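Dear colleague,

I am passing on a structure that you have not worked with before, and I would be glad if you could look through it. My notes on what was found follow below.

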Amino acid sequence: MKQKLTKWRLFTVFGLMALVLSGCGEPFLSTLIPAGEAGQTAYDLMMLSTWIMVGVVIVVSILFAVAVIKFRRKKGDTTIPKQVEGSHILEIVWTVIPILLLIILTIPTVIATFDLADTKAMDKKNEDGTTDVMVVNVRANLYWWEFEYPNQKIITSQDLVVPTGQKVYFNVKATDVKHSFWIPAAGGKIDTNVENVNQIWLEFDNEKAAEADNLFYGKCAELCGPSHALMDFKVRALPQGEFDQWVTAMQAVDAEAAEAAPTNPTAAAGQEVFNQKCLSCHAVTTADARPEAARTAPNLANFGDREMVAGILEHDEEELKKWIANPEQYKPGNKMTGTYGELSDQELDQLAAYLMSLKVEQ
Amino acid sequence: MSSIAHTQKRGFAGTVWDYLTTVDHKKIAILYLLAGGFFFIVGGIEAMMIRIQLAVPNNDFVSAGLFNEIITMHGTTMIFLAAMPLLFAFMNAVMPLQIGARDVAFPFINALGFWLFFFGGLFLNLSWFLGGAPDAGWTSYASLSLASEGHGIDFYALGLQISGFGTLMGGINFLVTIINMRAPGMTYMRMPLFTWTTFVASALILFAFPPLTVGLFMLIFDRMFGSGFFDVAMGGNTIIWEHFFWIFGHPEVYILVLPAFGIFSEIFPTFARKRLFGYSSMVFATVLIGFLGFMVWAHHMFTTGLGPIANAIFAVATMAIAVPTGIKIFNWIMTIWGGSIQFTVPMLYAVAFIPSFVMGGVTGVMQAAAPADYQFHDTYFIVAHFHYVIVGGIVLGLLGGAHFYWPLMFGTMLSEKLGKITFVLFLTGFHLTFFIQHFLGLMGMPRRVWTFLPGQGLEAGNLISSIGAAFMAVGIIIMLVNVVITQKKNIQVGRDPWKDGRTLEWSLPSPTPFYNFKQLPLVRGLDPFWIEKMEGKTEMTPAEPIGDIHMPNNSFVPFVISLGLFIAAFGAMYHADEGKGWAIPVLIIGMLVTFGAMLYRSIKDDHGYHIHKEDLLDDAGKGGTH
């Protein structure tokens, strides 16, 4: 009976393993396909610990299986086995060997802990307050993300754009409740606390980014309310040249450019609606000079370039209209619902056309 | 009240009254088993709803807000209202018998502990019907729990506070009992491992619950009385809550798993017919795990931003726990090595526990590596890990323990056949549900998500996981059927039903007399009953002549004290609402009920009663039956 059971269980385990090992997940999301140095460090440690532990599991399983199979009671056997008190030698063996295994794991753990926490470079400020390294200030809000580039003096949201092949340093915090900033393929997460700024660095390899079509998924990893599961963001990792172009294009969206009416008449009408109903929260300039506390909604300056609507819906006018018409249906508990009244179908069409026209990239 | 009147058969109302007022540890054990079993079913239904919701992407079986309430209540219920009381059931039923005591040190407090737990749990679960359950996760991190609307979090804080008092009292009671009430010859190093683990777990309760109490009081005051401990705008700090919670929360894991280890340490020697291998190192490992359990709480906070020094220290400290745990695993294997193993249902759970728990243990060490944990943290990898530990360790222990101690508690034997069916279904379902979740986490699925979008490679894993959960549910349903059938047939099995009982509890007649030991037994070594049996005896050698036995009277006061706090909690919770002027009077009335009952208890002398020698001799003629 027992033998059958053990076999059955092993079957299940191996079956599952075969199924799972056939793929390590998607390159834009999986921690098992690291996209850069920070992710690789974590991955190496994960693999080292996994192999040590697989070894432990195998040793225990063999001992266990032998004991269970060899020493089962025959029918009608009434003999009393020898009552063994213990063994000092064995106790020492299974105390010392685990200690040695743990030391093997401890050393790279401590080294990696300090490496990944080394953000000194971002604290070295030049006279004008800028840094020589790439810095992004991340602000997590109920179900949306703001990304501020202090050196480039631009603000965007929902789609983080970073250059590949260099360390990108992040200052992260939250405005309402605690969230956690996580780009699984790029590396570990860091909590965005409400009372302090945390720092972390990540890096995106050029080739790895290309394998993932230069687009990674980011997630909120700390329960933050009903739409926690939907608090996604996207990361576009671009080669340095393309990134510089993007920065230049973003910087060009000043107040003047933003106020100019779009050529498309529907979009122009949409701008009217937007200015009435949305502008008090959403900015359309990349150099939003308002203080953080006033920036209560995602910056939309390059909305037309983004990957998804609200981080979760297909990026087209239909989905956009559905989202604006009833955001509660898509992100329950969000802060936008009910702040702008009812919109007519015509207004929705106009708004969607206008928002989609907000592009900085050609 | 004479002893014999006490044992008369009574009607249904009489039985209910008896249980409402009982101070007998064996009956309190049954109360804990019933209440814990009920909450286990409730938590299980919540688990099934979670897995149905996550079976396919973009599912809308439950809404986002409701899902958060379900996961919060699933975790809170399973830890505080199912696992803890079920373990308390076995501690109450078995530990006093194992050390040769006639009851726990404070029978009144024992009853009070149960009723506090019960009313706390009831209060918490009433949230479902009174405006919504708590929705900030079982950890209830402060920024989210302060932002949460409605009264859900208030139910959480007040309910856990009340039931936490009960747990703390229970823990202290067990400590005093084990220190003071061991039978002659029962030295510390002759105590059965289950008694040892009860002892260490109770010590952990003593030190771990006060931080929770303090944290909950701060949360209660922040939410209901306008303080600002965790309110950043008022100069508070939310990280403090995380520390309080995990200084409690990590030892809590050991409070739960150590007694489960204890149950397995009783099952292995019994069904291998071989004494526990390395008894003294097992005791040492238990104490060491308990001690180290307080040194590692910040590994739950690696991503909070404590800095590399704290993270490195807590990483190394956490890894150290693997050593004593490893000692235990190898000692169990060596216990059955060379033994004569009989695969009864309890033994099946015990042997299945070893590989299952090792799986959970090794992923724990992997998470201790802080930089790797930056990836694991708050993903399904963690969900998989702690379910491997909690289900693979604690729940298998509870199920094995239920089958093992059923004859001791009820005098009947659960069906082995149905038990084996439950075992196969539950174990298969367990591995099917949780093994795959490791990979879901590594593939980028955060935990506590109410839905997931298609196209992220997460569909297959989630579906498999949900199918596994169905297996577990069917297994538990069959176990319930087993219980009903067994109790309906009511075939009494008598003394030492497993035939290979080694410790004092099996030396007693079945059902156990309400005074437990007519004469306190003389303990001559580890496994005292086994020693006597090996010398051809069927009973323990008494350590005293037959004499009068002093017994405590039943009391309704514990119920009333707990009821008062239950009433007061409603007043505290609603007093901040507009137009609820009745709230403050209710708070006051509730506290008056509680303090009045305590005053009554203090003023009225209750000396208990004696069972006279003559009655005991009479009783002996009937085989010590109840």
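Accessible areas here come from the Shrake-Rupley method with a 1.4 Å probe, and for residues only the protein chains shown count as cover. On that basis chain A exposes about 16600 Å², with carbon and sulfur atoms supplying 59% of it, while the accessible surface of chain B comes to about 20000 Å², of which 71% belongs to carbon and sulfur atoms.

Please keep in mind that this is a predicted model, in which local features need pLDDT of at least 70 and side-chain atom pairs count only at pLDDT 80 or more, whereas totals for chains, interfaces and linings use all residues. Residues are numbered from 1 along each chain as its sequence is written, chains are lettered from A and ligands numbered from 1 in the order in which they are written, and side-chain values use heavy atoms, leaving out hydrogens and water.

To begin with chain A, it has eleven helices and twelve strands, counted as DSSP runs (H or I of at least four residues for helices, E of at least two for strands, numbered from the N terminus). The C-alpha atoms of chain A fill a box of roughly 95 × 50 × 35 Å along the principal axes.

Chain B, in turn, comes to 21 helices and two strands. The radius of gyration of chain B is 24 Å, close to the 25 Å that the globule rule gives for 626 residues, so chain B is as compact as a globular protein of that length. Along the principal axes, the C-alpha atoms of chain B fill a box of roughly 70 × 65 × 45 Å.

As for how the chains meet, the contact (heavy atoms within 4.5 Å) takes 94 residues from chain A and 103 residues from chain B. The two chains bury about 8200 Å² between them, 73% of it on carbon and sulfur atoms, where buried area is the accessible area (1.4 Å probe) that two parts lose on being put together, summed over both. On the chain A side, A:Arg73, A:Trp94 and A:Leu223 lose the most area to chain B, together 9% of what that side buries.

With best regards

How values were computed
The radius of gyration is taken over C-alpha atoms; the globule rule is 2.2 Å times the number of residues to the power 0.38.
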